[in-house]
Amino acid sequence: MVWHIRCFDPLVIGRIVVKKISIVDRRAWLFFVLLLCLYESRNSAAQEQVALLLDAPRPEPGTIVGTVVDINDDAIPGATVVLQGPTLKSPRTLASNDKGFFEFNDVEPETYQVKISAQGFGDWTSPDLALKPGQYVILTVPKLHVATAFTAVTVGYSPEEIATDQVKLEEKQRILGIIPNFYVSYDQNAAPLTAKLKFRLAAKVAFDPITFIGVGVAAGAEQAGDHPNYPQGWKGFGERYGAAYTNGFTDIMIGGAILPSLLHQDPRYFYQGTGTTKSRILHAVSSPFVCRGDNGRSQPNYSTMGGDLASAAISNAYYPASNRGLGLFLGNFLIGTGQRAAANLAQEFILNRVTHRARHQQ
């Protein structure tokens, strides 16, 4: 048998079914109907609670405003202002107006943070801001400072440029501010000289006015000692002057420029200045025999010894015949080497104190 039911009514269904079942089954169906009634009652109460919640008044939203200015109290227009909080699906972002003002409306009561950034200025983030219902908050924004940019600039100087600057300083070194003292380096880490700088330094010494005066004094001393065997008078003085200058010129050009360039050696004396007295003496007297190569390593001083030997050999071409020979050669060589060692000792312990140098090199 089939019944056509227009609505799902538990009571109607119960009455129809009860007529067709036994008394025992009626009790079961009555219990079933009772459960349905309880369900309907409970469901109605839940719906009423939901309705009450939906009809509850919504908390009044608040407002957050502020002004972005710089340290001069000038407005910063176009600053990016971001409102973020745990209940926001995504941060709210706006830009400050021409007067630096910004405003967030319809903000739900919650805890927020405001972040402000502007081009050319440092960023700022507010502390946690607990917004209450209906509250109008004027956010105190500190004055934004100009962003500090640190740019690392690496200026590369070639070894030649460094050496050129160092030679310029050395060319200003003078004993008592007068006598050239160009061939002394007070920088232990001085850059190696190029061939051009070696010839420049040699020419600077050879053609310095004080050099000509010093040669004249030496020639006068030889004139007084009647050595070498040139005649007396102005003619003899001139010959002695020419011989003395030629000795010095050939020595400095060969030993201070030509050979150092060919052998890649540094012709300068490197002032030690520290250590025991014994080590400084040893450094000074060994310099005519040990030098620094352009590679920074110590090596036999072929340049200086070669210059002294070459100068002594060439002197046989212009000294009087009575003075020429092996004696003149060895004498000039030994005298030149001895004078160099003595000069280095003076450099190490005396002349450094009376040598005027560029201040920034000191």
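A search of the whole structure finds eleven salt bridges (side-chain nitrogen of Lys or Arg within 4 Å of a carboxyl oxygen of Asp or Glu). The model is predicted: local features need pLDDT of at least 70, side-chain atom pairs count only at pLDDT 80 or more, and totals for chains, interfaces and linings use all residues. Residues are numbered from 1 along each chain as its sequence is written, and side-chain values use heavy atoms, with hydrogens and water left out.

**View 1. Glu170 and Arg268 meet in a salt bridge.** The N to O distance is 2.8 Å. The pair links distant parts of the chain, 98 residues apart. Glu170 belongs to helix α3 (residues 159-170), while Arg268 sits in the loop between β12 (265-266) and β13 (269-270). Helices (H or I, at least four residues) and strands (E, at least two) are DSSP runs, numbered from the N terminus. Glu170 counts as buried, at 2% relative accessibility. Arg268 is buried too, at 6%. The classes are buried under 20% relative accessible area, exposed over 50% and partly exposed in between, with a 1.4 Å probe and protein chains only.

**View 2. Asp208 forms a salt bridge with Arg174.** Their closest N and O atoms are 2.7 Å apart. Asp208 lies in the loop between α4 (195-206) and α5 (209-225), and Arg174 in strand β9 (residues 174-175), so the pair ties together parts that are 34 residues apart in sequence. Both Asp208 and Arg174 are buried.

**View 3. Asp308 and Arg340 form a salt bridge between two helices.** The closest N and O atoms are 2.7 Å apart. Asp308 is in helix α8 and Arg340 in helix α9 (residues 326-354), so parts 32 residues apart in sequence are tied together. Asp308 counts as buried, at 4% relative accessibility. Arg340 is partly exposed, at 26%. Elsewhere, salt bridges that share partners join Glu170, Asp266 and Arg268 into one network.

**View 4. Asp251 contacts both Asp308 and Arg340.** Asp251 lies in helix α6 (residues 233-263). Its relative accessible area is 16%, so Asp251 is buried. Leaving aside neighbours within four places in sequence, Asp251 is also in contact with Gly256, Gly307 and Ser311 (contact means heavy atoms within 4.5 Å). Asp251 and Ser311 are 60 residues apart along the chain, yet their C-alpha atoms are separated by 5.1 Å.

**View 5. Three strands form an open sheet in the order β4-β1-β8.** The pairing is mixed. Strands β4 (101-107) and β8 (136-139) stand at the edges, each with a single partner strand, so one side of each has no neighbour in the sheet. Strand β1 (residues 62-67) pairs with β8 in the parallel sense over four bridges; two strands pair if DSSP finds at least two bridges between them. Thr63 has Tyr136 in β8 as its bridge partner.

**View 6. A nonpolar surface patch is made by Phe199, Ile258, Leu262, Leu263 and Tyr302.** The area is about 490 Å², computed by the Shrake-Rupley method with a 1.4 Å probe; for residues, only the protein chains shown count as cover. Patches are made of residues with over 30% relative accessible area and no salt bridge: like charges are joined within 9 Å, nonpolar side chains (Val, Leu, Ile, Met, Phe, Trp, Tyr) within 5 Å. Helix α6 gives the most to the patch, with three residues. Tyr302 is found in helix α8 (residues 302-314). At 52% relative accessibility, Tyr302 counts as exposed.
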